[in-house]
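Open your viewer, load the model, and get ready to select a few residues. We will go from stop to stop and see what is there.

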Amino acid sequence: MNSALLSSNSRVMADQYDISPFLQKMNPIRNRDYADCSTLVSTSHEYTPVLRGGSFALEGLYRTNQIAGASLQDIFATLPDTQIIVTGYPDTRAVGKPALLMYADVLKYNLDNVVADLVKVMIDLSSQKWHVEHGVSLHDLTAETGTGNGTSVDNGAATTNGGVSVFHCTAIAGAVPSVVVKIQHSTNNSTWVDLLSHTAATAATKGRVEVAAGTTINQYLREVHTFGGTTSSITFNSAFARR
Amino acid sequence: MAKTLYQAVVGIDFEGLKPPVRVEPGEAIPEKASAEDIKWLLEQGHIKKVSPDESESDK
């Protein structure tokens, strides 16, 4: 059976925006340098893998109308001085699906204007330290209307080197809305310990919280959202990458 | 002999208990928590042993 994945499943979040409706291509790259360790006695080149790196390239349509809260132009064209939280999903944002996390600097915003064609946008992103990190979705981009928790994700085993969580809130509603999104972990899928907490969302917002190197992340992970204030709903996506 | 008391260092949800119990940092761990849970929570520093006069139940 052909189980190849359609790119129509792919989605990309950037800060508090779902930019998927603008994009035609998402190209996350993880790479690793290779150092030549050949010596006088080598009979052929010998190499050893060294530092990891990565980049994130996006291609899309230039539009001035705002179908996702802000256009690619609004988000990237100024080459912002602060990093953008970018999360790519090759196969939907459903809980447990792979997520590619980058704390991204915008290196290039490039318009391509060709006769008899649509105006295209090309964006190059890179990261100062953590390049593209591989994680999992812990909450699809869907609305919640009350306090609750997401489905747990089983990693198969604990890890011991911390990690990073990202949070993209595209909408929140209520008279005085406030929602706290936390990530919990567990050894048995029954007793859950708070691992980290994002700053309370009171408007469309984003968050990124790192868990220190050396911290144990237990086998199971889940997201918990706690409503405060007078919140009627929140629409958000979250993901976690172990290190 | 007095029963050992434990206090949460971080928030913990005991969903296996009936009814489920949420414990905030500084609060006492429920006595019906399993020994297995207590063991790994202690190992990972999510709870700590306290003397009876530090426990939530004496406040």
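Is Lys108(A) buried, partly exposed or exposed? Select Lys108(A): this residue is partly exposed, with a relative accessible area of 36%. Here buried means under 20% relative accessible area, exposed over 50%, and partly exposed in between, using a 1.4 Å probe and protein chains only.

Before going on, note that this is a predicted model, in which local features need pLDDT of at least 70 and side-chain atom pairs count only at pLDDT 80 or more, while totals for chains, interfaces and linings use all residues. Residues are numbered from 1 along each chain as its sequence is written, chains are lettered from A and ligands numbered from 1 in the order in which they are written, and side-chain values use heavy atoms, with hydrogens and water left out.

**Stop 1: salt bridges within chain A**

Asp124(A) and Lys108(A) form a salt bridge, with the closest N and O atoms 3.5 Å apart. The term stands for a side-chain nitrogen of Lys or Arg within 4 Å of a carboxyl oxygen of Asp or Glu. This pair links distant parts of the chain: Lys108(A) sits in strand 6 (residues 98-112) and Asp124(A) in strand 7 (residues 120-127), 16 residues apart. Strands (E, at least two residues) and helices (H or I, at least four) are DSSP runs, numbered from the N terminus. Asp124(A) counts as partly exposed, at 30% relative accessibility.

Next, pick Glu59(A) and Lys25(A), whose side chains meet in a salt bridge (4.0 Å, N to O). Glu59(A) belongs to strand 4 (residues 47-61) of chain A and Lys25(A) to strand 3 (residues 23-36) of chain A, 34 residues apart. Over all chains, the structure holds 16 salt bridges.

**Stop 2: a buried glutamate**

Go to Glu133(A), in strand 8 (residues 133-144) of chain A. Glu133(A) is buried, with a relative accessible area of 7%. Which side chain does the side chain of Glu133(A) meet in a polar contact? Show Arg243(A), where the distance is 2.7 Å. A polar contact is a pair of N or O atoms within 3.5 Å; within protein, one must be able to donate a hydrogen and the other to accept it, and residues adjacent in sequence count only if both atoms are side-chain atoms.

**Stop 3: where the chains meet**

Now show both chains. The contact (heavy atoms within 4.5 Å) takes 15 residues from chain A and 13 residues from chain B. Between the two chains there are three salt bridges. One place to look is Asp13(B), which forms a salt bridge with Arg222(A), the closest N and O atoms being 3.6 Å apart. Both Asp13(B) and Arg222(A) are buried. They belong to a network of salt bridges that also links Lys182(A), Asp194(A), Glu15(B), Arg22(B) and Glu24(B).

Colour strand 12 of chain A and strand 2 (residues 12-14) of chain B: they pair in the antiparallel sense over three bridges. Strands count as paired if DSSP finds at least two bridges between them. Within this pairing, Thr191(A) stands opposite Phe14(B).

**Stop 4: the helix of chain B**

Finish at helix 1 (residues 35-43) of chain B, whose buried residues are Asp37(B), Ile38(B), Trp40(B) and Leu41(B). These pack against strands of both chains, including strand 11 and strand 12 of chain A and strand 4 (47-50) of chain B. Just after helix 1, select Gly45(B), which takes a positive phi of about 75°.
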